[in-house]
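Hi,

Here is the structure I promised to pass on. My notes on it follow below.

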Amino acid sequence: EYNGTAWSSGADLASARGHPAAGGNSSNAICMGGSITAENWEEQSLLSTEEFNGTAWSGGSDLGEAIGNSISGGNSSDAICVGDLDANTKTQLYNGTAWSYGEDIAMGREGAAGGGNSADAIISGGIIWSPYGVTNNTEEYNGSAWAAGGDLLTARYHLAAGGNSSNAICMGGTNSYSNILYTATEEYSPGSEAAKIPVFMSQY
């Protein structure tokens with residue numbers, strides 16, 4: 001856990017997992033899905049959800065379908081997870097009690113980043129498979145539907161991001177064509193639709 005100055009140890013998850021989706025902070029967080037290595041050495045995606053109350057993790061409701069590498073945001077009472085491996089387009093929403101499905105994203109992708117909650121979310125970047133390529137596409141969620149947003153200045157995947165559709169940031173990532181590792185940071189500005197474009201990128 002981080003208090004603004006230093007990291008300290010918190011309670012362990014009940015179930016070990018790789019590539020989980022998560023959101024929240026040190027007093028209210030959620031962790032869902034992820035993957036484990038099965039006996040045949042294949043990755044097995046998980047359904048389980050865990051909630052953190054600032055002291056301990058406890059079991060939450062299972063996802064509607066297992067996810068192994070999803071984009072997510074929110075906390076234990078209001079969360080969203082979007083997409084998965086194999087360019088899954090599903091949106092799953094959590095209200096603190098149960099998961100339900102929202103509208104699918106328009107572009108299936110892997111390795112994207114985003115943030116937000118069930119009422120206001122963003123997803124950017126990633127790899128698409130048909131045709132294959134790294135994308136700079138952004139989609140915004142208003143609680144009911146996904147719509148096109150402003151493109152990233154730099155197409156990339158395996159980047160990190162946080163925020164929502166009116167105030168977001170992303171950083172890092174890579175491009176599979178040239179194997180570049182980026183230090184670039186981009187900010188997503190609030191305001192009108194016309195103003196919702198990336199406004200800053202650092203050198204890399």
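A quick definition to start: a polar contact is a pair of N or O atoms within 3.5 Å; within protein, one must be able to donate a hydrogen and the other to accept it, and residues adjacent in sequence count only if both atoms are side-chain atoms. The side chains of S118 and D78 make one at 2.4 Å.

Before the rest, some bookkeeping: this is a predicted model, where local features need pLDDT of at least 70, side-chain atom pairs count only at pLDDT 80 or more, and totals for chains, interfaces and linings use all residues. Numbering runs from 1 along each chain as its sequence is written, and side-chain values use heavy atoms, with hydrogens and water left out.

Back to S118: it is in the loop between β11 (113-116) and β12 (121-124), strands being DSSP runs of E, at least two residues, numbered from the N terminus. Leaving aside residues up to four places away in sequence, S118 touches D78, A79, I80, L93, Y141 and G143 (contact means heavy atoms within 4.5 Å).

On to the rings. There are 5 aromatic pairs (Phe, Tyr or six-membered Trp rings with centres within 6.5 Å; planes under 30 degrees apart are stacked, over 60 edge-to-face, the rest tilted). F52 and W57 form a tilted one, 5.0 Å centre to centre with 35° between the planes. Y141 and W146 pair too, with centres 4.9 Å apart and planes at 35°, so that pair is tilted. Both Y141 and W146 are buried (under 20% relative accessible area; exposed is over 50%, partly exposed in between, with a 1.4 Å probe and protein chains only).

Cheers

Conventions: Helices (H or I, at least four residues) and strands (E, at least two) are DSSP runs, numbered from the N terminus.
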